[in-house]
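Me: I've got a new model open and I'd like to learn how to read it. Could you walk me through a few features?

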Amino acid sequence: MINLSYRFIMKNVTVIIGTKWGDEGKGKIAAKESKDAKLVIRATGGNNAGHTVIYKGKSIALHLIPGGIVYPQTTCIIGPGVVVDPDVLISEINLLKKHGVPNIEKRLKISGRAHVIMPYHKDLDVLYEKLKENPVGTTKRGIGPCYSDKDNRIGIRMYDLLLPKDAIKKKIKEATKLHNQNFLTNGMQNCIVNSDKLALICNNWKSILKDYITDITPLISKSLEDNDKIVVEGAQAFRLDIDHGDYPMVTSSNPVTAGTLCGAALPPQSLNMVIGIDKAYNSRVGNGPFPTELEASIDENGNVFKNDKQLEGDIIRELGHEYGTTTQRPRRCGWMDAVILRTAKYTCGIDYLCINHLDTLGKIGLKLGYIKICTAYNYQGKVIDYYPDDIGVTGKMPIPIYETLNGGFEISSDCKSYDDLPELAKRFISIIEKTSNIKVRYVGIGPANDDLIEINTDSKL
Ligand code: GDP
Ligand code: IMO
Ligand code: MG
């Protein structure tokens, strides 16, 4: 008989996952969940993410550092699965210090295994997009090229920044052999890498960041042993996952729950709770399928053009202030797609949902006179209740089947509980639950970390 008494039993990890195409309000929920957490970890992506948190009444956009940094008892980790642009990280540290967030030097840890986004990764991002007939519409932050180098085993890691100048120069030289040829043959001579200069830049990064770069595994092991609460702040979202999203219109990491645990160096058995985050309407920035997208005055380059007529997508964008936290690009907007949530439930193991921007949805309803929710699709002559996997192959977009609610609503400032919510809002929530087969536990009624109404208390939670 095998003795099982030493089995792994700690279940202290809460994972925050975006359920659509990003910008669902993950930063706000990660911050809220971090109130009583010991560790808060960013696990995937880099500064393609833009997470908004509120600190002392002021809004702060974070791209790399977990939102949980706003609570002084937390230790915040940039995990091994993240790709780090050191310049962005340094400005973010300075921004938090400027806002008076205490003890950043002690509370921020960067895994030495995280890969560095080098300036040439950003140039390559621009080049690859330019060469594509159907560009992805990336953030041009160098994310894809940095992950490709990691997979090719020519990446530069945060640990490498700690090396003597000559040693890092050698690594840069080796990593950029093919990249330089690409720059040369594509008319980007000015991007050819000067390894001497870049090694100097790395040395400068080292002087600022060296005390933050560390082996994070003992920290994580200790927290698992002590049964501390650990929050993993997912970035990007289910439909942007490289394996499970709308390939090739995706990012280059695995933002689903399993990828997030891997990027945070956490074992699957430590998982206690997965909170799926969505908005009461949906948005996407960049290219790719979006079944419930509404017409808007956005041109093929992603810019808003002047139009005397305000289209439905424009109304949602303006009421929701849907402009990218990272790139300021106008976001494409559409109705809530509850079918994707049903698919996300099983790929991401979602325990319950938080639906943000219920306040905005009420205003949209008041302005348009109706609210819609997608509850099924018509796809290739069949009614289906899941997000089809082969859109990229068939080239056919699933046609949303909507439930329509007439009117809109206002959420007053004294709305504190489910019972206080307008009837139409309650009806909206129950349609989401019925379609997705997931309980909605929180609804967001404003941007602040605590602008939430708890509407479901299940004994298992
Ligand atoms: P993330 O990338 O998922 O963290 O989301 P972003 O921060 O990019 O975008 C979410 C935006 O919605 C931010 O500007 C938040 O301040 C805002 N927000 C989040 N929840 C709510 C809500 O319930 N109501 C309103 N009005 N704004 C919200
Ligand atoms: P958060 O964490 C919204 C999108 C880009 C593009 C695609 C690939 O704030 O929700 P990339 O630069 O990653 O190679 O771009 O992915 N994208 C996001 N969209 N929110 C994000 O992060 C995103 N991160 C990447 O717009 O379509
Ligand atoms: Mg965002």
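Me: Let's start with strand pairing. In which sense do strand 13 and strand 15 pair?

Reply: Two strands pair if DSSP finds at least two bridges between them. The strands themselves are DSSP runs of E with at least two residues, while helices are runs of H or I with at least four, all numbered from the N terminus. Here, strand 13 and strand 15 (residues 370–379) pair in the parallel sense over two bridges. One spot to look at is Asp337, whose bridge partner in strand 15 is Cys374. Keep in mind that this is a predicted model, where local features need pLDDT of at least 70, side-chain atom pairs count only at pLDDT 80 or more, and totals for chains, interfaces and linings use all residues. Residues are numbered from 1 along each chain as its sequence is written, chains are lettered from A and ligands numbered from 1 in the order in which they are written, and side-chain values use heavy atoms, leaving out hydrogens and water.

Me: And in which sense does strand 12 pair with strand 13?

Reply: Strand 12 (residues 281–284) pairs with strand 13 in the antiparallel sense, over four bridges. You can find Asn282 opposite Gly334 in strand 13.

Me: Is strand 13 mostly covered or mostly open?

Reply: Buried means under 20% relative accessible area, exposed means over 50%, and partly exposed is in between (1.4 Å probe, protein chains only). Strand 13 (residues 332–337) is mostly covered, with six of its six residues buried.

Me: Why does Lys32 count as buried?

Reply: Because its relative accessibility is 17%. Lys32 sits in helix 1 (residues 26–33). Leaving aside residues up to four places away in sequence, Lys32 touches Tyr442, Asn449, Asp450 and Leu452 (contact means heavy atoms within 4.5 Å).
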